[in-house]
Structure formats: C-alpha cells, structure tokens
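Biologist: Please put the model on the screen, and we will go through it by question and answer.

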Amino acid sequence: MKEQLQELENEALQKVEEASSLKDLQNVRVAYLGKKGPITEVLRGMGKLSKEERPVIGELANKVRGNIAEAIDNKKANIEAAELEKQLAEETIDVTLPGRPVPTGGPHLLTSIVEEIEDLFIGMGFEVREGPEVETDYYNFEALNLPKGHPARDMQDSFYITEEILLRTHTSPAQARTMNAIEDKRPVKMISPGKVYRRDTDDATHSHQFTQIEGLYVDKNVRMSDLKGVLDRFAKQMFGEDREIRLRPSFFPFTEPSVEMDISCKVCHGEGCSVCKKTGWIEILGAGMVHPRVLEMAGYDPKVYSGFAFGMGPERIAMLKFGVDDIRHFYTNDIRFLKQYHQA
Ligand SMILES: [Zn+2]
C-alpha cells in the first residue's frame with residue numbers, strides 16, 4: 001500500500017508539472033484528490049489493515065494528499081502570473097500614437113450674433129432686459145397701441161393659448177413691461193433679445209419661431225437724430241465702417257413716425273446688383289419714435305418724455321453678414337453648417 005501511494009504521488013506530481021492551463025490543473029485536482037479519486041480509494045481499503053499499520057498508512061496518505069495539493073496551488077499561481085504577464089503584454093498602450101480627437105462645442109451662430117449685438121448696445125449705455133415668451137394679449141398688443149380688432153394685428157398672427165394668452169409675436173412687450181415696472185418713471189435705455197413666434201409657413205426666409213432684439217430709449221428730448229446716430233453706429237460696427245444707412249418712412253402702430261432702415265450694399269456699394277435686388281440698399285430693421293399712446297399707457301407723460309424704439313432679427317443680420325441663404329439652417333442643427341461659424 002505504501003508503494004501504491006508513492007506511485008500515485010509521483011504520477012500526480014508529474015501531471016501537475018505537465019499542466020499548462022488552469023483547466024488542466026482542475027482536472028488533475030479532481031482526478032487525484034476528488035471523492036472518487038485513487039487516494040480516497042486507498043483509504044477506504046484501510047479497514048483490512050492491522051492496527052499497527054493503520055496510522056502509518058493514514059499519515060502517509062495525508063502527506064501525499066498535502067503534497068499534491070501544494071504542488072497544484074504552486075502551479076496555479078505560476079499559470080496565473082504567466083497569463084497576467086501575457087495579457088499585459090498584449091494590452092500595452094502605445095503612448096506615441098495620436099489620440100482620438102474629442103469634439104468641442106461652441107456657441108451657436110445665432111447666440112454669437114445676439115451676444116455681439118448685446119455688447120455693441122451695452123457699449124452705448126443700453127441695459128439688457130428679457131421678457132416672457134408666453135405673453136398676455138395686453139402686453140403683446142394692447143400696451144403697444146394695438147387694441148383688439150386693430151387691422152395691424154393681422155401682420156403678426158400668433159399661436160394663442162387662450163383668448164388672452166399667446167406666444168409673443170415680438171420682443172416689444174419687454175418695452176412695455178420694463179416701462180411699467182419703473183415706479184419713478186426715470187429714463188429707460190434697454191435692449192431685449194429673445195425668441196418670438198408667428199403663425200408662418202416655414203421657408204427659406206420665414207420661420208414660425210425666430211429671434212428678435214428690441215431696443216428702447218426714453219428720456220427727455222430724445223429726437224429722431226438720436227435714433228439715426230445709434231442705428232448708424234450699429235450698422236457700421238456690425239457690417240463695416242464703409243456702410244451707409246438710410247431711413248424710409250414706414251408704419252408700425254407703436255411708433256410715430258415709423259421708419260425702415262436700409263444699409264448700403266456691400267457688394268456693389270450702391271450701384272445695384274443681385275444681392276440688393278438692383279436697389280443698392282438692403283433692408284435691416286424697423287424703428288421709429290415711440291408713439292405717445294405707448295408712453296402714456298406705460299405711465300410716462302408724452303409731453304415730458306419722448307423716445308425711440310427699434311427691432312431687428314438676428315437671423316437676418318447673420319444671413320447678411322455671413323451669406324447664409326436659408327433661415328432653416330439656424331434651427332436644423334446640422335453640425336456641418338454650425339461648425340463653420342465656431343470661430344465667428
Ligand atoms: Zn448690391
């Protein structure tokens with residue numbers, strides 16, 4: 001029996017030595033140390049042995065078991081270390097390879113234009129005031145001299161939420177709100193940028209949602225020449241010092257007199273070309289002297305105060321400045337379009 005055990009030990013140690021994977025080792029463990037293994041078998045036959053022999057064989061069997069288990073554990077550690085080594089070698093990172101580029105965002109072209117316009121007017125002493133996009137009929141129309149049933153309301157057909165609440169059709173309500181909120185009726189010099197909504201069919205130059213920037217200056221002795229001076233500075237700073245402006249008579253219910261402002265065509269310098277439709281001028285914005293009714297409704301005495309107001313569309317400004325041919329480019333979020341202007 002001693003020889004049998006010795007033989008089993010040698011055999012098992014040999015197999016452990018030959019094992020090249022954890023799976024092989026597991027097989028050896030099951031084969032020699034398992035419940036159905038040969039060592040268990042030998043121990044089972046111990047009943048036939050004499051009293052003297054039993055402890056000797058028992059001790060030997062345990063020793064053989066221990067030796068095999070120890071050899072398996074050692075081999076297991078070796079195999080695991082070798083596998084780890086192999087894995088590390090395979091996964092080595094070549095730090096000299098160029099990295100994967102991380103795309104960086106930038107402000108949307110419209111955001112950049114709005115901020116540029118804001119900066120320009122802040123430089124002339126205007127404050128930035130924002131108003132709600134969901135507006136009351138009163139502030140959107142009535143306070144701006146557009147009473148219910150006024151035919152000019154048709155120009156600004158909107159999305160109504162109730163009879164009295166709508167998505168604002170222009171940023172002008174911010175004028176009325178700002179003036180109303182000033183208790184001591186001091187002078188106001190503000191611009192108000194934001195989104196506006198009109199029930200329009202989307203095409204290359206129309207959108208049901210667009211951006212506006214409204215400007216208002218109310219003080220004693222504000223004159224048309226002040227308006228012209230501010231707009232001229234705006235046009236030159238935005239489009240180039242060589243640009244001229246001209247004012248044409250127009251109509252808005254909230255200003256009197258009202259004007260449209262054009263800038264001279266950059267392409268033909270007034271000669272007439274396809275960009276300016278042969279006129280030499282390009283329409284930029286609407287403006288005028290604040291209607292006395294509007295001042296009065298906001299609590300300002302039109303005999304003491306006068307003011308001017310203007311409203312422009314940053315989309316139009318951006319289209320002219322960068323030659324964008326379709327207003328929908330601003331809203332469809334095509335990265336190829338947008339990333340051209342990240343440095344703008
Ligand atoms: Zn032209």
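Biologist: How are the donor residues of the zinc ion spaced in sequence?
Modeller: This is a predicted model. The protein donors of the zinc ion are Cys265, Cys268, Cys273 and Cys276, each through its SG atom. Written along the sequence, the spacing of these donor residues is C-x2-C-x4-C-x2-C.

Biologist: What arrangement do the four donor atoms make around the zinc ion?
Modeller: The donor atoms lie 2.2 to 2.3 Å from the zinc ion. Four donors count as tetrahedral if all angles lie between 85 and 135 degrees. Here the angles are 106 to 115 degrees, so the arrangement is tetrahedral.

Biologist: Is Cys276 buried or exposed?
Modeller: A residue counts as buried under 20% relative accessible area. Cys268, another zinc donor, has 11% and is buried. Cys276 has a relative accessible area of 4%, so Cys276 is buried.

Biologist: Where is His269, and is it buried or exposed?
Modeller: His269 is in the loop between β7 and β8. Its phi is positive, about 50 degrees, although His269 is not a glycine. Most residues other than glycine have a negative phi. The relative accessible area of His269 is 56%, and over 50% counts as exposed, so His269 is exposed.

Biologist: Asn145 also has a positive phi; is Asn145 buried or exposed?
Modeller: Asn145 has a phi of about 65 degrees and is not a glycine. Its place is in the loop between α6 and β3. With a relative accessibility of 16%, Asn145 counts as buried.

Biologist: Which residue does a cis peptide bond join to Glu256?
Modeller: Most peptide bonds are trans. The bond in question has an omega of about -5 degrees and is cis.

Biologist: Which strands stand at the edges of the open sheet of seven strands?
Modeller: The order of the sheet is β1-β4-β5-β9-β8-β7-β6, with mixed pairing. An edge strand has a single partner, so one side of it is left without a neighbour in the sheet. The edge strands are β1 and β6.

Biologist: Which residue in β5 stands opposite Lys195?
Modeller: Strand β4, residues 188-197, pairs with strand β5, residues 209-219, in the antiparallel sense over ten bridges. The residue in β5 opposite Lys195 is Thr211.

Biologist: Which strands does helix α7 touch where it packs on the sheet?
Modeller: Helix α7 spans residues 173-181, and its direction makes about 140 degrees with that of β4. The strands touched by α7 are β4, β5 and β9.

How values were computed:
Residues are numbered from 1 along each chain as its sequence is written. This is a predicted model: local features need pLDDT of at least 70, side-chain atom pairs count only at pLDDT 80 or more; totals for chains, interfaces and linings use all residues. Side-chain values use heavy atoms; hydrogens and water are left out. Helices (H or I, at least four residues) and strands (E, at least two) are DSSP runs, numbered from the N terminus. Buried means under 20% relative accessible area, exposed over 50%, partly exposed in between (1.4 Å probe, protein chains only). Donors are N, O and S atoms within 2.8 Å of the metal (3.2 Å for Na, K and Ca); water is not among the atoms, so sites may look incomplete. Four donors count as tetrahedral if all angles lie between 85 and 135 degrees; four count as square planar and six as octahedral if opposite donors are over 155 degrees apart and all others between 65 and 115; anything else is irregular. Two strands pair if DSSP finds at least two bridges between them. Contact means heavy atoms within 4.5 Å. Axes are lines fitted to C-alpha atoms, for helices over the stretch in contact, and angles run from 0 to 180 degrees between N-to-C directions.
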